[in-house]
Amino acid sequence: MTVQQPMRQFSQQQLIEAITRAMKMDRDDRDQQDKALQGQIDSLRDVLAGLDVAKPDALYRSATAKRLAATKTALIAYAVDFQNHKPAIMAGPASPVLRKAIPAGGA
Amino acid sequence: MPKPSFPIPKLLPTVKTVSGVTVKLSASVIQHVVRNARDHAAETARAIEDKSLVGGPPEYVKAAKEAVKIHREAKELFEAAKHHRDILAGAVGIMEGAPTYDAASLYHPVVALALDAKAAADSLAEIDPEASLADLRDVTEALTAALDQLTADCATAKCRLPSAETEVRRCVGAAYASCAESSAAFTLFKQHRLAEFLPVAWPSGMTPMGAAKLVEDTVKQRRFGASATKRRSKTEKALIAARAKDSALDRANDDAVAALMAAQAEGEV
């Protein structure tokens, strides 16, 4: 045997309050979620700030400066070698006269 | 300066001749090599002309052949250095921002590195223009100094090459003249194909006998010139001695006159 419960009647005021409460809960949830997301974003930003990959320009600049320094050193050493160091026969069938003028391996 | 972390090999100012001799250049090596080749040819020529070289005519021809070879070696080295000078000029041009460059020279490490350095400096120019310009200036100055020295060396060597060639031809001419008295030497001369190195002033179709006469005349002139110089030198020495003696006599005379005048003055007093 079933007993039929009488349908609960809500006044208009009660309905408005219920909907308002539900909306507030929903907004609170979303605020919570937003805060959580913002926290994650902030954490990620902190992590990225500590990594060079977050600064591609700086990395590129550093590599280019190193490249310039290395090429500069090599070119200046080359010029100085020509100006200040002795000549030398490095290889090949040189005549005795040439060997006299330029001792093998530098004098 | 940050420590270079790129595998850039050490560059050396080396050139390779077409005969396969590799030489590391320095500031004035080319003119030195050409001068040595010229001196060697001149000494050899004189020894052949004076017949003071041991071994007789066949050896004279061999010595002339050697002088030709040494001269060719010096010339090849000069050409290689000239090419290297062009490479260096291209590298300096790149550093100075030349709009174009010889693409064929890109294989050379100096040019490739100059391009690399210029590109890096240009990239950094927007961020730190002063540092970038300073780096460019340092490299350009060093390369320009090397280029100037190599250019001067090549210019001096170029001036010496004609006289070196003249001496080599003199050498070959003397060797050819010696062929008049040796068929073996003449055969050797033809084998070595030395005829193209005979003195340019000689008429074509000259025989070894004719050459021998010419060389004999040259040697006579040289000896006469040397003895004339010696005579002139003796005369000059005698003249200097006579002048010195004259001056000494003048001085003695002046002293005597002064003494006489002093004595007269004392007597008057």
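**Entry 1: helices α2 and α4 of chain B**

I looked up how helix α2 (residues 57–95) of chain B and helix α4 (residues 129–178) of chain B lie against each other, and found that their axes come within 8 Å and cross at roughly 160 degrees. Angles over 145 degrees count as roughly antiparallel, so α2(B) is roughly antiparallel to α4(B). I noted the crossing of α2(B) and α4(B) as left-handed. I then sorted the residues of this contact by class: 27 are nonpolar, six are polar and five are charged. The model I am reading is a predicted one.

**Entry 2: helices α3 and α4 of chain B**

Next I took helix α3 (residues 109–125) of chain B with α4(B). Their axes also come within 8 Å, and the crossing angle is roughly 160 degrees. α3(B) and α4(B) are therefore roughly antiparallel to each other. I wrote down the hand of this crossing as left-handed.

**Entry 3: the sheet**

Which strands make up the open sheet, and in what order? I read three strands in the order β1(A)-β2(B)-β1(B), and the pairing is antiparallel.

I checked the pairing between the chains separately. β1(A) pairs with strand β2 (residues 22–24) of chain B in the antiparallel sense, over three bridges. For one position in it, I found A:Ala91 opposite B:Thr22 in β2(B).

**Entry 4: the cavity**

How many cavities of 30 Å³ or more does the count give? I got one. The largest cavity holds about 40 Å³ of space.

I listed its lining by chain. From chain A come A:Ser95, A:Val97, A:Leu98 and A:Ala101. From chain B come B:Val33, B:Asn36, B:Ala37, B:Ile70, B:Glu73 and B:Ala74. By element, α3 (96–101) of chain A and both α1 (29–49) and α2 of chain B each supply at least two residues of this lining. By class, the lining of the largest cavity has seven nonpolar residues, two polar and one charged.

I turned to the largest pocket, which has about 240 Å³ of space. It is lined by 15 residues, and the closest to its centre are B:Glu49, B:Lys51, B:Ala212, B:Val215 and B:Glu216.

Which helices of chain B each supply at least two residues of the lining of this pocket? I found α1, α4 and α6 (208–268). The largest share, six residues, comes from α6(B). By class, I noted seven nonpolar, one polar and seven charged residues in the lining of the largest pocket.

**Entry 5: elements that came up again**

α4(B) is in both helix pairs I looked up, with α2(B) and with α3(B), and it also supplies residues to the lining of the largest pocket. α1 of chain B supplies residues to the lining of the largest cavity and to that of the largest pocket.

Methods
Residues numbered from 1 in each chain as written. Chains lettered and ligands numbered in written order. Predicted model: local features only at pLDDT ≥ 70, side-chain atom pairs only at ≥ 80, totals over all residues. Heavy atoms only, no water. Axes fitted to C-alpha atoms, helices over the stretch in contact; angles between N-to-C directions. Helix = DSSP H or I, 4+ residues; strand = E, 2+ residues; numbered from the N terminus. Parallel < 35°, antiparallel > 145°, perpendicular 65-115°, else oblique. Left-handed = near helix turned anticlockwise from the far one by under 90°. Nonpolar A, V, L, I, M, F, W, Y, C, P; charged D, E, K, R; others polar. 1 Å grid on protein atoms, 1.4 Å probe; cavity = no way out; pocket = protein on both sides within 12 Å on 5 of 7 lines; lining within 4 Å. Points joined across faces, edges and corners; volume = space filled by probe spheres on them. Pairing = 2+ DSSP bridges.
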